[in-house]
Amino acid sequence: MQGKVNGLKTLILEQTPSAYCIHCFVHQLQLTLVVVVNKHKEVETFFAIIANVLNVVGASFKCRDQLRDHQAELLDKLLESGELQSGKGLNQERGLQRPGDTRWGSHYRTLDNFIVLFSSIVHVLEVVEYEGSEADDRLQTEAFLSKINEFDFIFLLHLMLKVLMMSNELSKALQKKEQDINNAMVFLDLTKERLQVMREDGWVSLMDEVSSFCAKHDIVVPNMEEFYFSGKSKRRPSIVTYSHHLHVDLFYSVIDLQLQELNNHFDVMSGNLLLGMANLNPVNSFANFDKEKIMTLAKYYPDEFGELKLRDLSHQLDTFILHMRRGDLRFSDLKGIGDLAKALVEANLAKSYSLVYLLVKLTLILPVATATVKRGFSSMKYIKDELRSSISDIFLNDYLVCYFEKEVFTNVSNDAIIDRFQDMKARRVQE
């Protein structure tokens with residue numbers, strides 16, 4: 001789908017320029033982080049260290065028990081000293097989840113827990129370093145301990161957590177089963193605005209947090225005015241600069257790249273298409289109706305809406321919204337655009353509002369991949385496993401419906417299923 005010459009997307013667009021496809025936004029958001037990681041060696045190395053440390057800490061039940069016990073001891077001390085307050089929902093046990101490129105929000109949760117459990121992680125690594133049965137394991141653990149107790153690691157730990165925190169609300173909004181597109185677009189703008197504010201005014205606060213964390217865990221903070229010498233090579237001489245400048249450059253580079261990738265992955269066209277669809281939604285008496293955004297949606301289909309038809313659509317929308325909001329019972333309890341199209345046909349209004357009806361049909365055939373669709377494909381590996389490798393498409397579809405709609409099927413009793421199955425065909429039933 002990403003091919004520039006012979007890709008499927010390119011071939012489709014050559015035949016039909018208006019054949020748009022909107023990719024899953026929450027997956028696009030995850031891809032922005034993946035790009036940042038891949039384009040920054042420092043960030044890539046940082047996440048590699050995180051993953052390896054988690055592999056060591058979670059390598060055995062013994063290590064996990066040690067982590068849990070040390071965490072409980074620290075919590076008791078903090079509660080006794082009054083630094084933490086007890087209460088319902090407070091001070092819950094934390095776990096260490098490994099980050100994954102296809103697991104939405106996993107990087108944020110991993111870094112957040114890593115900071116909270118830092119002392120316990122160091123404790124477990126020290127135990128493994130001292131008690132490890134293999135020399136290679138002890139040497140590897142010693143190297144990881146040295147890395148995570150360096151200022152550069154702590155700096156990136158707080159920097160990446162802050163960057164990911166900016167988009168956490170957006171990620172949660174995009175993962176909802178029923179997405180509010182208008183609110184999602186608002187969160188996207190807020191994320192970009194917060195990143196820009198952080199870029200302009202966030203350096204001092206970040207350094208204060210990093211310095212405070214280092215002081216708490218006895219990590220040496222380097223003198224930012226000291227000279228730094230890069231490695232020598234035959235082709236170029238070593239570069240002399242200040243340590244302060246290196247961290248500042250990394251700070252701005254990460255934020256700028258994240259902003260750039262947000263703009264690249266969440267392009268204006270996809271946003272306008274989604275907003276146009278959302279503003280045609282009939283829920284709550286067309287509460288989201290916005291004529292300007294709907295007209296913008298129509299302009300993306302020049303073959304169907306020329307200049308004259310756009311003018312006629314503008315007038316038709318004015319009449320249409322007045323009609324819909326007059327309390328007509330046929331349009332009072334619609335749940336989506338599909339219901340709107342059906343109601344227009346049943347009310348014999350499809351021809352009267354021909355241009356509106358055409359736009360409604362275009363939105364219905366616009367492929368929009370959501371978080372639900374992505375989860376659907378991920379769930380197939382649980383349904384179509386090795387024991388069901390030859391399952392038919394119809395049977396697979398029935399399985400997937402039951403898997404996705406668990407909330408619905410939990411309310412269906414076994415007796416109702418048996419009765420329905422018996423009514424389909426005469427069968428012998430054991431009494």
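Predicted model: local features only at pLDDT ≥ 70, side-chain atom pairs only at ≥ 80, totals over all residues.
Which residues touch the most other members of the largest nonpolar core?

**View 1. The largest nonpolar core.** This core has 65 residues. Phe-114, Ile-148 and Phe-155 touch the most other members. Helix H8, residues 151–166, gives the most to this core. Its share is 12 residues.

**View 2. Helices H6 and H7 cross.** H6 spans residues 118–131, and H7 spans residues 135–148. Their axes come within 8 Å. The crossing angle is roughly 150°. H6 is therefore roughly antiparallel to H7, since angles over 145 degrees count as such. The crossing is left-handed.

**View 3. The contact of H6 with H7.** From H6 come Phe-118, Ile-121, Val-122, Leu-125, Glu-126, Val-128 and Glu-129. They meet Arg-138, Thr-141, Glu-142, Leu-145 and Ile-148 of H7. By type, the residues of this contact are seven nonpolar, one polar and four charged. Ile-148 belongs to this contact and also to the largest nonpolar core.

**View 4. Ala-287 in its loop.** Ala-287 sits in the loop between helix H14 (283–286) and helix H15 (291–299). Its relative accessible area is 54%. Ala-287 therefore counts as exposed, the cut-off being over 50%. Arg-325 lies 38 residues from Ala-287 in sequence. In space, the two are 9.8 Å apart, C-alpha to C-alpha.

Note on methods:
Residues numbered from 1 in each chain as written. Heavy atoms only, no water. Helix = DSSP H or I, 4+ residues; strand = E, 2+ residues; numbered from the N terminus. Buried < 20%, exposed > 50% of the residue type's maximum accessible area, 1.4 Å probe, protein only. Core = buried A, V, L, I, M, F, W, Y, C linked by side-chain atoms within 4.5 Å. Axes fitted to C-alpha atoms, helices over the stretch in contact; angles between N-to-C directions. Parallel < 35°, antiparallel > 145°, perpendicular 65-115°, else oblique. Left-handed = near helix turned anticlockwise from the far one by under 90°. Contact = heavy atoms within 4.5 Å. Nonpolar A, V, L, I, M, F, W, Y, C, P; charged D, E, K, R; others polar.
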